[in-house]
Every structure is written in structure tokens, then in C-alpha cells.
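Good morning, and thank you for coming. Please look at the sequence and the model on the screen while I go through a few of their features.

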Amino acid sequence: MRVLATVLLVVAAHTLPAQPASAARGTPAPRSAAISDVRYQLTFNAARGVQRSIGVQMTFVVSGREPVLLSLPAWTPGAYEISNYARFVSGFAPTAAGRPLRWDKLDPDTWRIQADGAREVTVRFEARADSLDNAFNWARDEFALINGTNVFLYPEGRPLEFASTVTIQTETDWRVATGLAPAAGGWSAPTYHELVDAPFFVGRFDLDSMRIADRWLRLATYPRGSEKGERRAALWASLRRAVPAEVAVFHETPWTNYTVMQIADSAFGGMSALEHQNSNVGVVGTELLDAPFVPSVYAHEIFHAFNVKRLRPAEMWPYRYDQAQPTPWLWVSEGITDYYADLSLVRGGVIDAAAFLATTQGKMDHVAQLAAVSLEDASLQAWIHMTDGTSDIYYDKGSLAGLALDILIRDASDNQASLDDVMRDLYGAAYKGGRGFTADEWWGAVSRAARGASFREFSDKYVDGREPYPWTAWLAKAGWRVVTDTLREARLGVMLAPDSGGVRVAEVTPGSAAQRAGVRTGDVLVRVAGVPTSDRDFNSKWRARAGDREGAPLVLEIRRDGAPLTLNGAVHVATLISTRVENDPAANARAVRIRGGILAGTTTAR
Ligand SMILES: [Zn+2]
């Protein structure tokens with residue numbers, strides 16, 4: 001998952017805590033009667049679009065006379081929060097041979113059905129589809145995003161490795177896009193995990209495809225026309241360049257086809273995308289479709305097809321859907337994925353080395369702004385959405401830990417090995433071995449790549465611990481250096497929010513020049529040092545006039561309750577320290593080789 005510049009977390013306020021496992025309370029975990037021959041049918045047509053709902057039908061064969069226990073997931077892998085999709089269900093109705101069956105709820109996410117010896121059972125319900133979130137169902141008049149976790153019931157306490165088929169009832173001229181494999185009249189999934197890992201677009205949307213890394217990559221975009229012409233060509237160009245650079249890390253393309261699914265909506269602030277094993281769903285504010293971060297978000301999600309959808313921490317293998325699965329390794333699953341998103345863009349030529357360094361610098365600044373938090377702690381507490389600003393720091397700090405490990409491995413091996421070897425090594429051992437990776441395996445792979453060097457101290461200080469990263473020393477090994485600039489600048493200390501009445505003061509910082517001059521929240525700021533706030537270069541012009549002498553006179557003209565008022569204040573000067581990463585002209589040949597290797601995705605042959 002990657003969320004950028006977003007203001008949307010509406011759903012979080014309504015979520016329930018995860019269900020504690022019954023087994024933990026000393027009672028046996030509930031188990032459904034065995035079911036087989038599972039068929040799902042989804043209905044989404046023009047009438048459903050108007051209702052913002054999905055019709056769901058599940059048919060299966062029951063063995064034995066025990067109750068059938070059917071659950072909807074509490075969360076969607078990749079979106080690390082409890083969402084309880086069962087709360088969107090209405091009209092739950094199980095039948096056998098046309099006759100209604102008795103049912104009640106076993107727990108908030110689970111229905112208990114008395115099949116009373118019936119062989120074939122059909123369950124019908126409606127799922128509300130009005131949450132614009134890539135892990136939820138969302139419908140418009142002629143379009144729906146359907147997430148499997150929101151509609152596909154599974155038998156509680158039974159293996160999730162059951163095969164199923166899906167058919168979709170829709171308008172004859174509407175389309176369906178999904179990562180599932182086509183089967184007679186619909187689609188099929190070999191396991192429940194794969195079933196719910198392939199969201200659907202149904203309705204009217206744009207769709208085209210391109211051969212990339214020897215496979216078909218499809219681009220499905222809603223609404224129609226939102227991503228067309230030069231904009232669509234630019235997105236395709238970034239995918240065509242970045243995806244092969246990601247495939248090169250693992251030496252294989254693990255999908256037979258891959259679908260990039262994008263929803264643009266003016267009500268959405270920022271961009272959020274969610275990964276699946278051969279697709280991803282991005283939701284982006286319409287005005288941000290051309291933002292420079294869009295290619296980086298898709299590079300991030302596609303790298304997840306390797307790192308987290310396949311190579312995954314042991315705590316999340318296999319996924320379970322009824323409760324949270326915290327892991328101390330999200331800094332690898334999310335942070336190192338983000339490092340590789342940056343690398344794939346620079347290695348593929350979507351961005352240049354200067355842009356890569358600027359992105360890296362932005363991550364360092366983000367970490368520096370926050371209270372020190374360890375990568376393991378930040379990973380573990382992802383599920384509870386920390387409110388101290390660190391809730392997503394495992395992305396940026398984890399990405400920087402990836403860069404640090406890459407530099408240290410290349411330094412220890414004289415650039416003969418890299419973090420790429422660690423990722424490929426673990427992918428082969430853990431994912432291809434059918435399990436999640438452990439701490440011993442991770443650090444073992446890092447140490448092997450670094451020709452036996454120990455990373456115990458690195459782990460203790462910079463992953464488990466909260467020590468600041470020694471960038472000066474680390475970056476020097478890769479021919480980079482940190483340069484610090486000091487800037488003195490006059491500051492007002494107000495947040496301004498222009499409205500129909502003028503440039504209104506939304507917030508005044510205590511102790512600031514504005515507060516000491518008498519500015520209050522709700523005032524309209526008209527002129528500062530004689531410069532009108534309506535001037536397009538207001539900020540630079542008033543600063544130029546006010547100068548940088550602390551305490552010099554500063555006149556602020558405002559309107560309060562409609563009446564003009566002149567406030568005589570004083571200049572307050574803030575000292576700003578900005579840092580940037582740049583090439584070190586004095587770097588030695590070894591460091592230059594390492595720098596080139598990181599940016600190109602190469603190592604030095606022995
Ligand atoms: Zn992610």
C-alpha cells in the first residue's frame with residue numbers, strides 16, 4: 001500500500017477492534033461443516049449502480065449436519081487496519097431447494113446457518129458499495145470496484161485452500177477487468193487467498209494493454225477519458241521503463257498478466273494504491289493525475305507483487321482474515337518496497353539521479369521531523385494508526401534502511417553483491433519454499449551478501465533501536481555527501497485560508513510575530529509591510545521589505561469584523577536548516593563504483 005498527501009481516512013472512525021481468537025480464551029475455535037463445489041455469483045448492473053450495491057450469491061455443497069459457519073474478512077491484506085466488511089451486508093438469506101434456512105450471527109463477522117441436512121445451499125445478500133477506498137466496494141451509476149474481501153464468504157475454521165468459480169451478471173455492453181484466471185463463463189481461483197486477492201472493475205471504463213517484461217500488462221482506468229492522450233502515454237512510458245528494472249532484481253516475471261486499475265475522483269485528496277499479486281488498485285484525486293509521484297506509486301505497488309505478495313514475513317504467512325496480523329517487518333515489506341520503487345524509476349530512466357537523491361533527501365527530512373521510533377515498533381503498531389505523526393514512518397525510514405543496507409553490503413563485498421541479492425535469495429528460499437521469512441533468514445541473507453559481515457549492531461541500533469542514522473559515514477561509502485545550508489527568514493506564524501471575504505487567518509502560532517502584533521484567528525489579513533496578501537509573490541515580497549533584523553518594525557493591516565485595523569508589530573526571524581544529498585567530488589573510485597551500481601542495478605564482476 002502507498003498513501004500520499006491524503007486526507008481520507010473516513011472509515012477508520014467506525015471500525016471495531018479485531019476479534020480475539022476463541023482458542024486464546026480456552027474454548028475450541030469454531031469450525032464450520034465442510035463445504036465443497038463453491039460457486040460465487042456477483043450482480044452489478046444499471047439498477048445496482050443507482051443503488052450503490054453489489055448482489056452476492058454463494059452456492060456450495062454441505063457435508064454433515066453441523067452448522068455452516070460463513071465469515072467475511074475483517075481486513076484486506078496490504079491495508080493494515082480492521083474494517084469488518086460484514087457491516088456493509090444486508091438482506092442475508094440462506095436457502096436450500098428454495099426453502100429458507102434458519103441462521104443467526106456467531107460473531108460480528110460470522111453467520112451460523114442451520115443447513116438441517118440440506119445438500120446444496122445458496123446464500124444471497126447485498127453488499128453496500130459506497131466507500132471510495134481501494135480495500136472496499138465502491139459503485140457509481142455505470143461502474144463498480146468490487147473487492148473479494150468485501151463479498152466472498154469463507155467457511156470458518158476450515159482450510160482456505162479451496163477452489164471456487166466466479167460469474168458476474170452485468171449489462172451486455174459493460175466490461176469486467178480482474179486478475180483472476182478466466183474459466184468457462186467466468187473466472188476461477190485455486191484458493192480463497194487468490195480469490196480475494198483479485199479485485200474487479202465492472203462497468204464502463206477504459207482498458208488497453210502492452211507487452212512489458214514478456215507479459216501482458218493491462219491498464220484499466222475509470223472514469224472513461226480520465227487518463228487519455230499524452231497523460232496515458234506518459235503513464236505507459238513510466239511502466240514500460242520501471243517494470244523491467246523490478247523484474248531484473250528477481251530474474252523472473254511472476255505473473256502471466258498484470259492489471260493496473262485506476263480510479264480518478266475529484267472528491268479524493270491525494271493518492272492511495274493497494275497491491276495484489278497480479279494487479280493493483282490506485283485511487284487518485286482528479287487534479288493529481290499528472291503529479292510527479294504517480295509513477296512512483298505504481299512502481300511501489302508492482303514491486304509488491306514480489307515483496308509482500310510473494311516474499312512475506314512469517315507472521316503474515318498464511319494470511320488470516322479474522323484478525324490483525326502484526327509483524328515487526330513492515331519496514332521490509334513497505335519501506336524496502338519503496339526503496340525499490342525509487343530505484344526502478346532511476347534504473348529505468350523515468351527519473352534522473354538528482355531526482356533520486358531529492359526523493360531520498362525528502363525521506364531523511366521526514367524522519368528527522370518526527371520523534372525517534374524504531375522500525376520494528378513502527379511496523380508492529382501500523383494497525384492502530386499512531387496519532388503522533390509516526391503512523392506511516394516505516395515507509396520512509398524503512399526505505400532509508402534499505403539504502404543503508406545496500407551501501408553497506410556493496411562496501412563489504414567491494415560492490416560484488418547488493419541488496420538485490422538479498423531480495424532474490426530470500427524470494428527463492430522462503431517464497432519458493434512455500435513459507436514466510438524469519439529474522440534469522442533475513443539477517444542471514446544480508447550477512448551472506450556482505451561476505452560474512454555481521455549486521456547484529458545494525459539491527460540493534462537502527463532497526464530494533466532508535467539511534468539516528470549516521471548518514472555522513474554511510475553516504476561517503478557510496479560517493480555521496482550531506483550538505484547543510486542555513487537560512488535566516490522573517491516568519492509571520494499564521495496559517496492563511498483564502499475565502500470569499502479575503503485572505504483569512506485560520507491559525508495563529510503562539511509566540512509568533514503575528515500573535516505578538518495582535519492578529520487573531522478569523523481576521524482578514526490585507527497587507528504586511530505594505531505588500532497586499534492578494535499579490536501572487538506576497539511571501540517573497542513582504543520578506544524582502546521586512547528584512548531579517550529581529551525586532552524591526554512590521555506593520556500588519558487587517559480587517560476584523562469588517563472594520564480596517566492597523567497593527568504595529570515586530571519582525572521575527574527564524575533560522576532554517578536545510579540539508580541535501582549530492583555527489584561528493586572527492587569520492588574515491590570504490591565509492592564511485594558503488595554509487596553507479598546502486599543507480600544502475602549492477603555489481604562489479606569478480
Ligand atoms: Zn505498499
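**Strands, helices, rings and a zinc site**

Strand β3 (residues 53-62) runs antiparallel to β9, and nine bridges join the two. The model is a predicted one, in which local features need pLDDT of at least 70 and side-chain atom pairs count only at pLDDT 80 or more, while totals for chains, interfaces and linings use all residues. Residues are numbered from 1 along each chain as its sequence is written, and side-chain values use heavy atoms, with hydrogens and water left out.

Two terms are needed at once. Helices (H or I, at least four residues) and strands (E, at least two) are DSSP runs, numbered from the N terminus. Two strands pair if DSSP finds at least two bridges between them.

Which strands form the open sheet, and in what order? There are eight, in the order β6-β5-β9-β3-β2-β13-β16-β15, and the pairing is mixed. The edges are taken by β6 (99-100) and β15 (181-183); each has a single partner strand, so one side of each is left without a neighbour in the sheet.

Strand β19 (residues 215-222) pairs with β20 in the parallel sense, over seven bridges. Tyr222 stands opposite Ile263 in β20. How many of the residues of β20 (residues 257-265) are buried? The count is nine of nine, where buried means under 20% relative accessible area, exposed over 50%, and partly exposed in between (1.4 Å probe, protein chains only). In a regular strand the side chains alternate between the two faces of the sheet. In β20 both faces are covered, with Asn257, Thr259, Met261, Ile263 and Asp265 buried on one side and Tyr258, Val260, Gln262 and Ala264 buried on the other.

Strands β24 (residues 494-499) and β25 (residues 502-508) run antiparallel and are joined by six bridges. Here Ala497 stands opposite Arg504 in β25.

I turn now to the metal. Which residues supply the protein donors of the zinc ion? They are Met1, through both N and O, His300 (NE2), His304 (NE2) and Glu334 (OE), at 1.9 to 2.2 Å from the ion. Donors are N, O and S atoms within 2.8 Å of the metal (3.2 Å for Na, K and Ca); water is not among the atoms, so sites may look incomplete. In sequence, the spacing of the donor residues reads M-x298-H-x3-H-x29-E.

His300 and His304 are four residues apart in helix α5 (residues 294-304), which means that about one helical turn separates them. Both of these histidines are buried. Helix α5 is largely enclosed by the rest of the structure, because 10 of its 11 residues are buried. Among them are Val294, Tyr298, Glu301 and Phe303.

Next come the aromatic rings. Rings of Phe, Tyr and Trp (its six-membered ring) pair if their centres lie within 6.5 Å; planes under 30 degrees apart count as stacked, over 60 as edge-to-face and the rest as tilted. The structure holds 51 aromatic pairs. One of these, Phe88 with Phe136, is edge-to-face, with 5.8 Å from centre to centre and 80 degrees between the planes. Phe88 lies in the loop between β4 (68-71) and β5 (89-96), and Phe136 in the loop between β9 (120-128) and β10 (138-140), so the pair ties together parts that are 48 residues apart in sequence. Phe88 counts as buried at 11% relative accessibility, and Phe136 counts as buried at 0%.

Phe250 and Tyr427 make a tilted pair, because their ring centres are 4.9 Å apart and their planes stand at 55 degrees. Phe250 belongs to helix α4 (residues 229-250) and Tyr427 to helix α10 (residues 419-431), so this pair ties together parts that are 177 residues apart in sequence. Phe250 and Tyr427 are buried. Ring pairs also link a cluster of residues, including Trp329, Trp331, Phe437 and Trp474.

Finally, consider Asp338, which is found in helix α6. Asp338 counts as buried, at 2% relative accessibility. The C-alpha atoms of Asp338 and His572 are separated by 39 Å, and the two residues are 234 apart along the chain.
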